[in-house]
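Here are my notes on this model, written for someone new to reading structures. Have the 3D view open while you go through them.

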Amino acid sequence: MNIRTPKDWELPESAVTDEAIYRLRNRRDFLKTLGVGLTGAALGTRGLLAAAAGFPDKENPLYPAASLKPTAYNFITSYNNFYEFGTGKDDPVVYANKGWKPDPWTVEIAGLVRAPAKFAVNDLVAKLGGIEQRVYRHRCVEAWSMVVPWDGFPLAKLVALADPKPEAKFLKFTSFLDPKNAVGQQDSHFGWPYVEGLRLDEATNELAFIATGIYGKAIPNQNGAPLRLVTPWKYGFKGIKSIVKIEFTDRVPSNTWQRLAPDEYGFYANVNPQVDHPRWSQSSERVIGGGIFAGRQPTLMFNGYEKQVAALYKGLDLTRNF
Ligand code: MTE
């Protein structure tokens with residue numbers, strides 16, 4: 001029998017369960033844990049409302065683990081940022097599904113590596129040993145958040161396959177260019193294609209992930225088909241979608257949002273409730289899809305993944321390196 005110890009960032013049960021059943025059961029268990037029947041007699045109004053809405057009371061000891069309840073599929077796939085297909089949250093679901101076909105798709109691994117290569121997506125996934133599931137918090141720099149059950153593979157596996165040379169210190173990720181089908185790319189001021197970067201040690205952290213699916217289904221176009229980066233301790237803009245090239249370099253890649261607004265967006269983009277965006281607070285976040293009682297919840301340092309990633313930034317001034 002194959003017994004495996006869950007990692008400390010893992011949610012015990014998730015998207016493998018039907019979404020509706022999962023949500024229902026979780027809510028029932030949550031109420032049971034709190035020791036209340038349906039009348040909710042033992043809870044104050046605030047606690048009861050929080051539980052009924054499927055979100056925990058801040059004062060409850062289950063917080064924040066209980067908040068890792070996956071956001072409903074329809075919210076994850078219809079409230080998006082994907083500027084190649086427009087700037088509105090509801091643009092990508094429409095325009096990324098009109099004419100743009102991210103299949104077949106080739107991704108290139110290049111730069112300071114011993115094994116440069118071009119792979120068809122399915123071949124790459126097979127070579128890396130298939131896909132696994134990760135339920136992660138997803139926190140946008142705009143101060144909204146979700147919880148997403150991703151499918152995909154650890155980025156560290158791809159790094160090992162590429163076999164970086166000793167001079168390689170960073171990874172530069174590049175998204176596709178297709179102004180004919182990606183209407184947003186017809187506005188050239190953005191400076192397409194979208195580019196992101198990671199330090200090599202960030203890329204090999206156990207949390208760094210390349211997603212190929214959501215809720216056990218192929219990743220929808222609007223979420224970055226067929227391959228997108230997921231770094232849950234960083235703001236969502238680091239999670240570059242629809243990657244065509246991963247280049248290993250010895251210098252810091254100039255990422256799109258930092259190039260566009262260097263005073264507002266940096267290279268690191270680590271979630272940090274103590275360092276505000278110049279135009280808004282980062283201390284709390286609006287929970288997407290949580291229902292009318294969900295409201296806002298406090299933002300956690302490194303989005304709740306401090307234990308896994310804090311060591312990467314030891315000695316770094318996070319106020320300057322935002
Ligand atoms: N990747 C590309 N290529 N283009 C984009 O506009 N937007 C980023 C990131 N990746 C973006 C991108 C931003 S700002 C966020 S918050 C996340 O994607 C949103 O991911 P989601 O739509 O799956 O929630």
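The points below cover the model itself, then the ligand and its surroundings, then one arginine.

1. First, the ground rules. This is a predicted model, where local features need pLDDT of at least 70, side-chain atom pairs count only at pLDDT 80 or more, and totals for chains, interfaces and linings use all residues. Residues are numbered from 1 along each chain as its sequence is written, and side-chain values use heavy atoms, with hydrogens and water left out.

2. Now zoom in on the polar contacts (pairs of N or O atoms within 3.5 Å). A ligand oxygen is 2.9 Å from a side-chain N or O atom of Arg-228, and a ligand oxygen lies 3.2 Å from a backbone N or O atom of Asn-81. On the nitrogen side, a ligand nitrogen is 2.9 Å from a polar backbone atom of Gly-239. Taken alone, the ligand exposes 540 Å², and the protein buries 98% of that (accessible areas by the Shrake-Rupley method with a 1.4 Å probe).

3. Finally, have a look at Arg-199, which belongs to strand E6, residues 195-199 (strands are DSSP runs of at least two residues, numbered from the N terminus). Is Arg-199 buried or exposed? Arg-199 counts as buried because its relative accessible area is 15%, and buried means under 20% (1.4 Å probe, protein chains only). Its side chain also makes a polar contact of 2.9 Å with the side chain of Asp-201; within protein, one atom must be able to donate a hydrogen and the other to accept it, and residues adjacent in sequence count only if both atoms are side-chain atoms.

How values were computed:
Helices (H or I, at least four residues) and strands (E, at least two) are DSSP runs, numbered from the N terminus. Buried means under 20% relative accessible area, exposed over 50%, partly exposed in between (1.4 Å probe, protein chains only).
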